[in-house]
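Me: I'd like to go through this one step by step, with the cut-offs spelled out as we go. Can you take my questions in turn?

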Amino acid sequence: MKSQNYFTLREVQLHNNCPECYSNEGLELTFKQKFVENIFYKAITEDTKYDMHCNTCQTNIFPVRWTNDIEQVVNYQKRAVSPKPKSLKLKQAGWIFVLIDVLLFITVILFVTGVLSF
Ligand SMILES: [Zn+2]
């Protein structure tokens with residue numbers, strides 16, 4: 001029922017040489033931010049991750065394969081990217097759930113204080 005997903009925050013074309021095929025026009029860096037979605041709400045978290053992919057040789061370039069040049073560019077891009085602030089959006093089921101909770105709470109309070117008796 002609960003799923004974790006990432007949405008793309010920013011895509012950057014890099015002009016560095018690919019460590020695999022040495023092409024300097026295929027590297028792409030993608031920043032992603034995590035969100036959690038279930039039937040009650042959709043929430044954006046502070047977690048971000050980034051992937052590098054070469055469109056020329058269709059390879060995922062993992063950080064171990066990065067050259068110093070690539071690392072420098074990635075660090076620069078990391079500072080340039082601004083994640084969306086944490087947020088929580090209730091869906092309809094979430095609102096109903098909250099409403100029922102509030103009603104229950106009020107009923108309990110009224111009962112405990114003796115306003116309401118069965
Ligand atoms: Zn490549």
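Me: Is K91 buried or exposed, or in between, and what is its relative accessibility?
Reply: Buried means under 20% relative accessible area, exposed means over 50%, and partly exposed is in between (1.4 Å probe, protein chains only). K91 sits between those cut-offs, so it counts as partly exposed, and its relative accessibility is 30%.

Me: Before we go on, what kind of model is this?
Reply: Residues are numbered from 1 along each chain as its sequence is written, and side-chain values use heavy atoms, with hydrogens and water left out. Local features need pLDDT of at least 70 and side-chain atom pairs count only at pLDDT 80 or more, while totals for chains, interfaces and linings use all residues, as this is a predicted model.

Me: Which side chain meets K91 in a salt bridge?
Reply: A salt bridge here is a side-chain nitrogen of Lys or Arg within 4 Å of a carboxyl oxygen of Asp or Glu. For K91 the N to O distance is 2.8 Å. The pair links distant parts of the chain, 54 residues apart, with K91 in the loop between β5 (87–90) and α2 and its partner in strand β2. That partner is partly exposed, with a relative accessible area of 24%, and its name is E37.

Me: How many salt bridges does the structure hold?
Reply: Side chains of opposite charge can pair when their charged atoms come close. One of the pairs is E37 with K91, and another is K32 with D51 at 3.4 Å, N to O. K32 lies in strand β2 and D51 in strand β3 (residues 41–54), so that pair ties together parts 19 residues apart in sequence. The structure's total is 4.

Me: How far apart in sequence are the parts that R65 and E20 tie together?
Reply: R65 and E20 form a salt bridge, with the closest N and O atoms 2.7 Å apart. R65 lies in the loop between β4 (59–60) and α1 (68–80), and E20 in the loop between β1 (3–13) and β2, so the separation in sequence is 45 residues.

Me: E28 is a buried residue without a salt bridge, so how far away is the nearest side chain of opposite charge?
Reply: E28 is in strand β2 (residues 27–37). Not counting residues up to four places away in sequence, E28 touches E11, V12, Q13, D51, M52, H53 and N55 (contact means heavy atoms within 4.5 Å). Lys and Arg count as positive and Asp and Glu as negative, with His and the chain ends not counted. On that count, the nearest side chain of opposite charge to E28 is K32, at 8.9 Å.

Me: What is the relative accessibility of L99?
Reply: L99 is found in helix α2 (residues 92–112). L99 counts as exposed, with a relative accessibility of 55%.

Me: And the overall fold: what pattern does the protein chain follow along the sequence?
Reply: Helices (H or I, at least four residues) and strands (E, at least two) are DSSP runs, numbered from the N terminus. By that rule the protein chain has 2 helices and 5 strands. Read along the sequence, the pattern is β-β-β-β-α-β-α.

Me: What radius of gyration does the protein chain have?
Reply: The radius is taken over C-alpha atoms, and the globule rule is 2.2 Å times the number of residues to the power 0.38. The C-alpha trace spans about 80 × 25 × 20 Å along its principal axes. A compact globule of 118 residues would come in near 13 Å, but the protein chain has 24 Å.
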